[in-house]
Amino acid sequence: MGRSTTVHYLAAGGGGAGGLTPILMIALLFGVMYFMMIRPQQKRRREAEQMQSALSPGDEVVTIGGLYGTVTDVDDETVLLEVAPGVQSRYARPAVARVVNRAEAPAAETITEDAEPVKE
């Protein structure tokens with residue numbers, strides 16, 4: 001009796017599809033986790049690294065501890081911040097959370113169209 005029941009169950013197709021569904025659900029779960037959690041985190045990390053590599057003297061920044069300061073010097077691994085007049089502190093680059101104000105780049109001389117050409 002036991003053998004005929006097993007043969008009848010397999011002939012009806014009950015054994016093949018049941019093993020595939022959990023694997024598909026797990027794959028779907030990993031796909032959702034990747035697009036909802038991992039990918040946005042990688043994007044934020046990339047943007048933070050780009051911001052920290054673009055620091056230059058004169059930028060006003062906020063550290064991860066909430067300290068506001070002005071960048072006075074930058075090297076490969078650290079940033080020197082002036083937190084008060086005459087008070088400077090050295091921080092690791094990753095400690096800079098965001099840039100409040102970028103330093104103004106020196107304005108390049110612009111040539112207007114109304115200017116007369118120089119004659120030699």
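Mentor: Start with V79. Leaving aside neighbours within four places in sequence, V79 is in contact (heavy atoms within 4.5 Å) with L55, V71, D73, S89, R90, Y91 and R93. This is a predicted model: local features need pLDDT of at least 70, side-chain atom pairs count only at pLDDT 80 or more, and totals for chains, interfaces and linings use all residues. Residues are numbered from 1 along each chain as its sequence is written, and side-chain values use heavy atoms, without hydrogens and water.

Trainee: How many residues make up the largest nonpolar core?

Mentor: A nonpolar core is a set of buried Ala, Val, Leu, Ile, Met, Phe, Trp, Tyr and Cys residues joined through side-chain atoms within 4.5 Å. Buried means under 20% relative accessible area, exposed over 50%, partly exposed in between (1.4 Å probe, protein chains only). Here M51, L55, V61, V71, V79, L81 and V96 qualify, and the total is 7.

Trainee: Which residue in β3 stands opposite D73?

Mentor: Strands are DSSP E runs of at least two residues, numbered from the N terminus; two of them pair if DSSP finds at least two bridges between them. β2 (residues 68-74) and β3 (residues 78-84) pair antiparallel over 4 bridges. Opposite D73 stands L80.

Trainee: What is the bridge partner of A84 in β4?

Mentor: β3 and β4 (residues 87-92) run antiparallel, joined by 6 bridges. They form a hairpin with 2 residues between them, and G86 in the turn has a positive phi of about 85 degrees. The partner of A84 is V87.

Conventions:
Contact means heavy atoms within 4.5 Å.
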